[in-house]
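These are my notebook entries on one structure. I set down what I looked up, topic by topic.

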Amino acid sequence: MNSLGITLAITGAVLAALFAGIGSARAVGLVGEAAAGVVSVDPSKFSKVLILQLLPGTQGLYGLLIAILLLSRVGVLGGEAADLTTAQGLMFLAASLPMAIVGYFSAMAQGRAAVAGVGITAKKPEHNGKGIIMAAMVETYAILALLVSILLIYNIAI
Amino acid sequence: MSTTKYANAVAAIKAMENTLLTRNDMEQLIGASGKAETEALLSAKKGASETESAETVWKMIKSYAPESRELEILLYKNDFHNLKAALKSMISGREANRYYVRPTNLDLEHLSGILAEKDYGSLPVHIRETAREAYELLVRTSDGQLSDSFIDAETLRIIQKDSEDFGGEFMQRYAQLTAVCADIKTAYRCSRMKKPRVFLETAVCGSKELDKDALVNAALEGTESLMTLLEGAGYSEAARLLNESAAQFEKWCDDVIMELAQTARMKSFGAEPLAAYYLAVEAEQKNLRIISVCREFGADRETINERMRTLYV
C-alpha cells in the first residue's frame with residue numbers, strides 16, 4: 001500500500017478544515033468585538049448585529065464539509081482507506097486548496113465588511129439589511145471555492 | 001491584524017455618534033427662547049446622558065484604547081496649558097486649580113508640587129524638558145509672556161514630533177494643522193504689535209508647510225508680507241479671513257480640524273475614529289458655549305450662525 005497517497009489526501013482534508021476554520025474564527029471574533037461595542041451602548045441592537053456576526057462563520061462550515069466529503073471519498077470515514085497513488089493523493093490535496101485558501105481569506109474579508117455593517121447598524125439601524133447584503137456578497141467567492149473543491153473531490157478517479 | 005485595531009471601540013463610538021448634535025439641533029437651540037427650552041431640547045436629543053463633558057468622553061475612549069499613546073497627543077494642548085497655569089500660580093502664589101483645563105495627561109493634583117520641587121522626572125516625558133526650561137526662563141527673565149510664548153511654541157513642536165514618532169497619518173495631519181493655525185495667529189499678532197525678532201523666534205514654532213524663518217521674516221516685514229507668504233503657501237483663505245476678522249479666522253482653524261475629523265467617520269478600525277469623535281465632542285461643546293455667550297450678549301441669530309463651527313454629523 002502506498003501510504004504517501006492517503007497521507008496527502010488526509011492532509012488536504014486537514015488544510016480545508018484548518019484554514020477555513022481559522023479564518024472564520026478570527027472574523028467572527030472581530031465582528032463580535034465590534035458588535036459588543038455597539039451593544040455596550042445600545043443593547044436593543046443585539047439581534048441585528050448578531051446576524052452580521054454569524055455571516056463569516058460559514059467558511060468554517062464549508063471547510064468542515066470539504067474535509068468530511070474528502071475523507072468519505074477516500075474511505076477513511078468508512079474504515080477502509082483507499083489505496084491511493086501519490087498522484088491521486090496530490091490531486092485530493094489540490095482539490096482541498098480552493099476551500100482552504102479562499103475560505104481563509106474570504107472569511108477575513110467578510111469579517112471586515114461585517115464590521116462596517118455593524119457601523120451602519122449602530123448609526124442607522126433601519127439600514128441594517130444593507131450592511132448584511134454587502135457582507136453577504138463576499139460569501140459568493142467562498143461558495144465558488146466550495147463548488148470547485150466538491151467537483152474535484154467527486155471527479156478524481158480512484 | 002493591526003489594521004483591525006479598536007473594532008470594539010469604533011463600533012461603540014459609532015453608536016454614540018447618534019447623540020451628537022446635528023446642524024438642525026443647533027438651529028433649534030439658537031432659536032430657543034430661554035434656558036428651560038434649551039435644556040428641554042438637549043434632554044430630548046441626548047436623553048439621560050445630557051451633554052457629556054470632554055473629560056467623560058476622554059475617559060471612555062481611554063477605557064476602550066488604554067494603550068494608545070497616539071490618542072494622548074490630542075491632550076497635549078491641555079497639558080501645556082496646565083503647565084503654564086501651574087508655573088504662573090507658583091510665581092503669583094494663586095491657586096492653580098481653577099485655571100486648569102481637563103481632560104489632561106497630567107496628574108493635576110501633584111503638578112504644582114512637582115514643579116516646586118523641580119522633580120521633572122515625575123512628569124510625562126513629552127512635557128518634562130519644556131517644564132524645566134520654562135521654569136528656568138521664567139525665573140531668569142520674570143517675563144511671563146515670554147515664558148508662555150516659549151511653552152506655546154514647544155507645544156506645537158512636541159505635538160508634531162510625537163505625531164511623527166508614534167502617530168498615524170491622521171494624527172500627523174492634525175499636528176500640522178494645529179501648528180499652522182497657531183503659528184499664523186502668533187505671527188499675525190506679533191506683526192501687528194511690532195514684536196522684536198527675539199520674541200518671534202521664541203513664539204513661532206514652524207512646520208513642514210510653513211517654515212519658521214520665512215514666517216518670522218515675513219512677520220517682521222509687516223502684515224502685508226505675511227499675507228503674501230500665506231497666499232504662496234496655500235493658505236490664501238486663512239489670509240483673507242485674518243484680514244476680515246480674528247473671529248472668522250478662529251472659526252476657520254476649528255473648521256479645518258473638523259474637516260479632517262470627518263475623513264475618519266467612515267472608518268471601522270483604528271484610532272482615527274476615536275480621535276475624530278473626541279474632536280467632535282469638543283466642537284459640539286464649543287458651539288454650545290458660543291450660543292450661550294452670544295445669547296447673553298444679545299447677539300442676533302445671524303451673528304450666532306456666523307460663529308458656529310462645522311459639526312461632525
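I began with a definition: a salt bridge is a side-chain nitrogen of Lys or Arg within 4 Å of a carboxyl oxygen of Asp or Glu. I noted that this is a predicted model, in which local features need pLDDT of at least 70 and side-chain atom pairs count only at pLDDT 80 or more, while totals for chains, interfaces and linings use all residues. Residues are numbered from 1 along each chain as its sequence is written, chains are lettered from A and ligands numbered from 1 in the order in which they are written, and side-chain values use heavy atoms, with hydrogens and water left out.

**Entry 1: the interface**

The size of an interface is often given as the accessible area lost when the parts come together. I therefore took buried area as the accessible area (1.4 Å probe) that two parts lose on being put together, summed over both. Chain A and chain B bury about 1400 Å² between them, and 62% of this is on carbon and sulfur atoms. On the side of chain A, Val41(A), Arg112(A) and Lys123(A) lose the most area to chain B, together 39% of what that side buries.

I then recorded the residues in contact (heavy atoms within 4.5 Å). Chain A contributes 18 residues and chain B contributes 16 residues.

Which salt bridge did I find across the interface? Lys123(A) pairs with Glu17(B), and their closest N and O atoms are 3.1 Å apart. The rule finds 1 salt bridge between the two chains.

Helices, I noted, are DSSP runs of H or I with at least four residues, numbered from the N terminus. Helix H1 (3-41) and helix H4 (86-123) of chain A are the elements that give two or more residues to the side touching chain B. H1(A) gives the most, with 9 residues. I sorted the residues of this side of chain A into 10 nonpolar, 3 polar and 5 charged. For this sorting, Ala, Val, Leu, Ile, Met, Phe, Trp, Tyr, Cys and Pro count as nonpolar, Asp, Glu, Lys and Arg as charged, and the others, Gly among them, as polar.

**Entry 2: salt bridges within the chains**

Over all chains the structure holds 22 salt bridges. I also looked up accessibility: buried means under 20% relative accessible area, exposed over 50%, and partly exposed in between (1.4 Å probe, protein chains only).

In chain A, Lys45(A) forms a salt bridge with Asp42(A), with the closest N and O atoms 2.8 Å apart. Lys45(A) counts as buried because its relative accessibility is 6%, whereas Asp42(A), at 21%, counts as partly exposed.

In chain B, the side chains of Asp254(B) and Lys286(B) meet in a salt bridge (2.9 Å, N to O). Asp254(B) lies in helix H15 (residues 246-262) and Lys286(B) in helix H16 (residues 272-296), so the pair ties together parts that are 32 residues apart in sequence. Asp254(B) is partly exposed at 21%, and Lys286(B) is partly exposed at 28%.

I also noted a network of salt bridges that links Arg23(B), Glu27(B) and Arg301(B).

**Entry 3: one tyrosine of chain B**

Is Tyr235(B) buried or exposed? Tyr235(B) counts as buried because its relative accessibility is 8%. Tyr235(B) sits in the loop between helix H13 (223-232) and helix H14 (236-244) of chain B. Not counting residues up to four places away in sequence, Tyr235(B) touches Arg173(B), Val180(B), Ile184(B), Glu209(B), Leu230(B) and Trp252(B).
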